[in-house]
Amino acid sequence: MRKPKKLINDPMNVAKEQFEGMLAAMSGKLEGLPGITAAIRTDYPSNKVAILTGGGSGHEPLFAGYVGKGLADAAALGDIFAAPPPNVILQTTEAVNNDKGVIYIYGNYAGDNMNFDIAAELADDDDIKTHTIRVWDDVASAPIEKIQERRGTAGDLYVLKIAGAASEKYDDFDKIVEVTERARDYTRSMGVALSAGSVPQTNTFNFELPDDELEIGMGLHGEPGVSREKMQSADAVVEKLVEQLCLDLPYQANDEVCLLVNNLGASTYMELLIATRQAHKLLAEKGIKIHDTLVGNYCTSQEMSGYSLTLLKLDDELKELYDLPCESLALRK
């Protein structure tokens, strides 16, 4: 059986070591919290509502890669594909708490939901105000009438961008929550997988996919998609993804959107740019205007091959917030 090949050290230390590398790459702009895998901005203002994100490692640059000015203020991290423990979330909450409240933003997965909820209850016991925003952008993971059961994927990026900008611009906690939840509800994603990612600790791939097949809607951890099909052209695959995205919100003529073409880990820039070309063409045919396009590694799953498309529908306020400056390891505007 084929085994993954990775240039790592002790497989049990990969989450810690990649985190230390991220801190080093940020040249003092991020600070690790003592004894836990969590990071906070070193330039964190003391007069704003805090944005705290987090989740399992293995999806880099998500989540700590989006900690910085105009984005998240801190991130609490778990092991590979595992939710951060409640104590890590609570300690990170306490580190960013300045009595203006803390907004949790993370992908909608059972382990994350449970642990962030426990941390929120413990924070409440300490008189720290929190509010939870679960990102559920993955169209393939549940029907629209069960949207709250959908998974969070690359759409986390857009939600964090709006939340971070809103928390820099506005002082009102409820206003920041409202505009961030609107961005979440205007965000949709769908992906295609060509091959599996792996878990370093087990040195095994997390699903099997024949060489002549692809899976539409595959989840970040190998969760089943909506269909397994024979290999086909990039244009045909992107057309399926765009159609599903546009039907789901729905996106309509004269809408303005941001487009994210996200590498799941092992695809080449050539493939991403071919997908970008077709996505632009199809959206233009629908009369949908693209305000901004991001192409690259934003939410990955180790060496999974494939990509996802994400659309954020803009209104005037969301467009203004999206265009505000930000600076982190993985996103700068």
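The largest cavity in this structure has a volume of about 80 Å³, and since the model you have open is a predicted one, everything on this tour describes that prediction. The structure holds one cavity of 30 Å³ or more.

**First stop: the cavity**

Select Asp138, Thr153, Ser189, Met190, Gly191, Gly217, Met218, Gly219, Leu220, Leu264 and Ser308, which line the largest cavity. Sorted by class, this lining consists of six polar residues, four nonpolar residues and one charged residue. If you then colour strand S7, residues 187-195, you will have picked out the element that gives the most to the lining, with three residues.

**Second stop: helices H2 and H3**

Two packed helices are described by the angle between their axes and the distance between the axes. Select helix H2 (residues 86-96) together with helix H3 (residues 110-125), whose axes lie 8 Å apart and pack at an angle of about 45°. H2 and H3 are therefore oblique to each other, and their crossing is right-handed. To see the contact itself, show the side chains of Pro86, Ile89, Leu90 and Thr93 on H2, and those of Asn115, Phe116, Ile118, Ala119, Leu122 and Ala123 on H3. This contact of H2 with H3 has eight nonpolar and two polar residues, with no charged residues.

Move on to helix H6 (residues 234-248) and helix H7 (residues 269-285), whose axes come within 9 Å and cross at roughly 50°. That angle makes H6 oblique to H7, and H6 passes H7 in a right-handed crossing. On the H6 side, select Ala234, Asp235, Val238, Glu239, Val242 and Cys246, which meet Ile274, Ala275, Arg277, Gln278, Ala279, Leu282 and Leu283 in H7. The residues of this contact of H6 with H7 divide into nine nonpolar, one polar and three charged.

Finally, go to the loop between helix H1 (14-25) and strand S1 (30-32), which holds serine 27. The phi angle of serine 27 is near 50°, which is a positive value in a residue other than glycine.

Terms used
Residues are numbered from 1 along each chain as its sequence is written. This is a predicted model: local features need pLDDT of at least 70, side-chain atom pairs count only at pLDDT 80 or more; totals for chains, interfaces and linings use all residues. Side-chain values use heavy atoms; hydrogens and water are left out. Axes are lines fitted to C-alpha atoms, for helices over the stretch in contact, and angles run from 0 to 180 degrees between N-to-C directions. Helices (H or I, at least four residues) and strands (E, at least two) are DSSP runs, numbered from the N terminus. Angles under 35 degrees count as roughly parallel, over 145 as roughly antiparallel, 65 to 115 as roughly perpendicular and the rest as oblique. A crossing is left-handed if the near helix is turned anticlockwise from the far one by less than a right angle, and right-handed if clockwise. Contact means heavy atoms within 4.5 Å. Ala, Val, Leu, Ile, Met, Phe, Trp, Tyr, Cys and Pro count as nonpolar, Asp, Glu, Lys and Arg as charged, and the others, Gly among them, as polar. On a 1 Å grid over the protein atoms alone, a cavity is a set of points where a 1.4 Å probe fits but cannot get out, and a pocket is an open set with protein on both sides within 12 Å along at least five of seven lines; lining residues have an atom within 4 Å of a point. Grid points are joined across faces, edges and corners, and a volume is the space filled by probe spheres set on the points.
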